[in-house]
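Please report on the model shown here.

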Amino acid sequence: MNSQARYSGLAMLLHWTIAVLVIATWRIAEAAEGAATREAKGAIMSNHFALGVVIFALVAARLVWRQVSPPPAPVAGHRGWERTLARLVHFAFYALLLVMPIAGWVALSSFGGPISVFGLFELPPLPVGIDEARGEAIFEIHGAAGITLLVLIAIHALAALKHTLVDKDGTLFRMLPFGRVKG
Ligand code: HEM
Ligand code: HEM
């Protein structure tokens, strides 16, 4: 359970694991852009697809755990608009991190391909029919959603750091197992 001022240990573990994996997933997509051949690009991107599936599962687990162990009450000193903005950004994270992998799966299925999750198991193509133009259109939107996600991550991280380093209200330590948090 969450103690009064902090997120629970499991919420912290999921938050930081998901954060690292999202950054890695993005960097892998960027690395694939520079691949010399189509085959090399495909080999690099298969890691991007597989991590997308892992992120989906972890975000789903996070949302279930959030019902069992709800977040602590907002920091007392935060203004109304700050709370609203934070809530909107957190909602956007959950929405994007669930919708982006599903969109990726639908798009890949439009080319007729399965998703191999590190060779451990495969997600078969969804029965959406082959339509490469649709697949490419979805990937285009997926890429734009990825950029939006990165911008939100930057705002989110800067806000957490500003509250912690400038306002010294301990916001960051709500997501860490150490440090002083203000109620
Ligand atoms: C890929 C990157 C990240 C994602 C997707 C992400 C996502 C989220 C989400 C969804 C929440 C809300 C948790 C909930 O109430 O269920 C949250 C909270 C939080 N995140 Fe992140 N985060 C990321 C990176 C970071 C980074 C880099 C920092 C710090 C510099 C950070 C600091 C925090 C803090 C302090 C909270 C708690 C805010 C509060 O007390 O209300 N996050 N994050
Ligand atoms: C939560 C999971 C995922 C995140 C955060 C994510 C994020 C991203 C990002 C940031 C880009 C690069 C955008 C750019 O620089 O233009 C990208 C591109 C791409 N992603 Fe994902 N992705 C995820 C899951 C998936 C999955 C599951 C698939 C396929 C099954 C997939 C397929 C692709 C493809 C093909 C591209 C290249 C798109 C293009 O610009 O044409 N992604 N993704």
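## An exposed lysine

K168 counts as exposed, with 10 C-beta neighbours inside 10 Å. K168 sits in the segment after α4 (132-166). Its phi is near 50°, a positive value in a residue other than glycine. Most residues other than glycine have a negative phi.

This is a predicted model: local features need pLDDT of at least 70, side-chain atom pairs count only at pLDDT 80 or more, and totals for chains, interfaces and linings use all residues. Residues are numbered from 1 along each chain as its sequence is written, while chains are lettered from A and ligands numbered from 1 in the order in which they are written.

## A phenylalanine in a loop

F118 also has a phi near 50°, positive in a residue other than glycine. F118 lies in the loop between β1 (115-117) and β2 (121-123). Helices (H or I, at least four residues) and strands (E, at least two) are DSSP runs, numbered from the N terminus. F118 is exposed, with 12 other C-beta atoms within 10 Å.

## Helix α1

The 25 residues of α1 should span 36 Å at 1.5 Å a residue. The expected span is 1.5 Å times one less than the number of residues. The end C-alpha atoms of α1 are 37 Å apart, which agrees.

A11, V22 and T25 of α1 are buried. The cover over the buried residues of α1 includes α2.

## How α2 meets α3

α2 and α3 pack at an angle of about 140°, with their axes 9 Å apart. Axes are lines fitted to C-alpha atoms, for helices over the stretch in contact, and angles run from 0 to 180 degrees between N-to-C directions.

The contact residues of α2 include F49, G52 and V53. Those of α3 include Y94, L97 and G104. Residues are in contact if their C-beta atoms, placed from the backbone, lie within 7 Å. The contact has 12 nonpolar, 2 polar and no charged residues. Ala, Val, Leu, Ile, Met, Phe, Trp, Tyr, Cys and Pro count as nonpolar, Asp, Glu, Lys and Arg as charged, and the others, Gly among them, as polar.

## Around ligand 2

Ligand 2 is surrounded by 25 residues; the closest are A29, G52, G104, G143 and G146. A residue is near a molecule if its C-beta atom, placed from the backbone, lies within 6 Å of it. The largest share of the shell, 7 residues, comes from α4. By class, the shell has 16 nonpolar, 7 polar and 2 charged residues.

Notes. A residue is buried if 20 or more other C-beta atoms lie within 10 Å of its own, exposed if 12 or fewer, and partly exposed in between; C-beta atoms are placed from the backbone. Two residues are in contact if their C-beta atoms, placed from the backbone, lie within 7 Å.
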